[in-house]
Amino acid sequence: MPSPCLRPTAVTTKYALSRRSAGTGAIIIAYRSLITGPPPNITPTHHTHTTPTSTPLPQPVPLPTFSPPLSAFAQAPPQPHTQDGKPLYVPGGQAERAARAGRMSSPLRRGSHESWWSGSMGWFNAVAKTIPTYRVLDEEGHLVKGAELPELCYAERWYSCFRLPSRYRTMTLIPIVDNVLYQSQRQGRISFYMQCAGEEAATVGSSAAMLPGDEMFGQYREQAALLHRGFTLDALMSQCFGNVEDKGTKGRMMPVHYSSPELGFHTITSPLATQMPQAAGAAYALKLDEDRQGDCVICYFGDGAASEGDFHAALGMNSVLGGPCIWFCRNNGFAISTPIIDQYAGDGIASRGPAYGLDTIRVDGNDTLAVLSAVREARRRAVSGKKGVLVEAMTYRVGHHSTSDDSSMYRRVEEVKEWSVVDNPIHRFRAFLVSKKWWSEPEEKTLLAKHKAEVMRSFGRAEKLPKPKLGEMFNDVWGVGKGEEVPAVIMEQRAELGRLLKKYGDVWEPWRRERKRFVEEGEDVMDCDGRGS
Ligand SMILES: Cc1ncc(C[n+]2csc(CCOP(=O)(O)OP(=O)(O)O)c2C)c(N)n1
Ligand SMILES: [Mg+2]
């Protein structure tokens, strides 16, 4: 049974009144009725008596009074006077003002000094009516009225390709990478994969707005941002195969756990939102580091990750301690099978930014130019103010969540098709480039053929490379400092694996086959006592 204060009658009255009369008075009355409950002519239907099963609640203990103690007024010094002897007008006495000032400077009041006292109960649940979504191009690639094109060569000049479509190059490369790796998982050649399909504009546009010294924290679906930053296809494939060239994670992580210290890309950790407090810490470190003034952090996260406690911990820390950080939410409509309608009841993720005192924008995530402009401005604000900025990019996850998912179980296939045809971020950017005569069909054909050849070459190469030494799996589990011993539990496990390999490594076919895939074929763990070679 609904609680009496939530009954729809008050809301209905509000709308009925405001529709009947256009005057402000009517609206005020309408809001009053919303605040004060149902109109008197409606008889309450429930909670009018105590049910036999309910135990009467104890009487609430009265709270201590909030006013300053009266004794403070009693001891107040005489009122100040002007030079001609008249009492100076001040609201309240000196002691009262001092008491008020004391209360106002308490931690409870700090940060809300722009608020004012009000006798009427004003409830609100949105920052504005609805936060608008910024875009530069419409779905067909036309410039939107009032929008300005970003300076287009700015981002391109940092990386190897100096031609304008460098962003377009990455945006067209990633679907081919995704397709090959997705299919290869289906064939059992890699263990897992996550596609970026539908989010090419959001990830590439944001990456293009960052500078080489910046730090990036990803969730797992940002391979396009990383490729655009300069991660090579060989490095990406090597991580997914966990081969000897997987420099970041040395074959110890599942596919898609990319890592690149050289490019400032912090290793992916799949427990959701754990990258966020790390990013807040990195931003704070940048703020304190005199040599890194001007550098910035970008932290990617999904609409689902924003429901984790770590989201709030990170934004709270960043808002209080500061540090240049762009909180980039890829709002792609789903957290695996949970649609956003079941994820939050407020106005998206953007509405949470002002609550943490962060400059915030909602942007069309399928418009790479809007994302580029918004993130550049976010970066400028973050660096100049040494603080956090929130960007919510609205997009759509076209692929399944991962290779472990079948999204047709919880969304219509037609819906997915509609998004990929009607609001396709790659088509949109291409239409714009073609309209400017910066791109043509023959160029497109050549580019796609080149992409396919490069991806297949890199895939074939990565698959053939051996796995790192087997003993690598025991390294770096704990950070072992100079002169410190590897923890006993690690040495024991290493020694046990060595013993088992000695016993079964040549006689049991699955192990004999598997050993051959590793550099040194597991010998490195067989001839030692667990301490490592
Ligand atoms: C702490 C934690 N809980 C649950 C999961 C399982 N999980 C992996 S991805 C995911 C959905 C995340 O959705 P979102 O943040 O919107 O990112 P998207 O996959 O849409 O890019 C969940 C629930 C996890 N990895 N970590
Ligand atoms: Mg999501």
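**Entry 1. Ground rules.** The model is predicted, so I kept in mind that local features need pLDDT of at least 70, that side-chain atom pairs count only at pLDDT 80 or more, and that totals for chains, interfaces and linings use all residues. Residues are numbered from 1 along each chain as its sequence is written, and chains are lettered from A and ligands numbered from 1 in the order in which they are written.

**Entry 2. Overall.** I found 17 helices and 8 strands in the protein; helices (H or I, at least four residues) and strands (E, at least two) are DSSP runs, numbered from the N terminus. Of the 533 residues, 34% count as buried. A residue is buried if 20 or more other C-beta atoms lie within 10 Å of its own, exposed if 12 or fewer, and partly exposed in between, with C-beta atoms placed from the backbone. Taking contacts between residues at least 6 apart in sequence, I noted that 71% join residues at least 24 apart. Two residues are in contact if their C-beta atoms, placed from the backbone, lie within 7 Å.

**Entry 3. The sheet.** In what order do the strands of the open sheet lie? I read E2-E1-E3-E4-E8-E7, 6 strands with parallel pairing. Two strands pair if DSSP finds at least two bridges between them. Strand E2 (265-266) and strand E7 (359-364) are the edges, each pairing on one side only.

**Entry 4. Strand E4.** All 7 of the 7 residues of E4 (residues 325-331) are buried, so the strand is largely enclosed by the rest of the structure. In a regular strand the side chains alternate between the two faces of the sheet. Here Cys-325, Trp-327, Cys-329 and Asn-331 point one way, and Ile-326, Phe-328 and Arg-330 the other. E4 pairs with E3 (residues 297-302) in the parallel sense over 6 bridges, and Tyr-300 has Phe-328 as its bridge partner. Another 7 bridges join E4 to E8, also parallel; there Arg-330 is partnered by Ala-393.

**Entry 5. Strand E8.** I checked E8 for burial too: 7 of its 7 residues are buried, so E8 is largely enclosed by the rest of the structure. Gly-388, Leu-390, Glu-392 and Met-394 point one way, while Val-389, Val-391 and Ala-393 point the other. E8 (residues 388-394) runs parallel to E7, with 6 bridges between them. Ala-393 is the bridge partner of Val-363, and Arg-362 stands opposite Glu-392.

**Entry 6. Helices H5 and H13.** H5 (residues 166-186) packs on H13 (residues 425-435) at about 145 degrees, with axes 10 Å apart. Axes are lines fitted to C-alpha atoms, for helices over the stretch in contact, and angles run from 0 to 180 degrees between N-to-C directions. H5 contributes Tyr-168, Met-171 and Thr-172; H13 contributes Ile-426, Phe-429, Arg-430 and Leu-433.

**Entry 7. Leu-470.** Val-525 is 55 residues away in sequence, yet the C-alpha to C-alpha distance is 7.0 Å.

**Entry 8. Ligand 1.** I counted 15 residues around ligand 1, the closest being Leu-272, Gly-302, Gly-304, Ala-305 and Ala-335; the criterion is a C-beta atom, placed from the backbone, within 6 Å.
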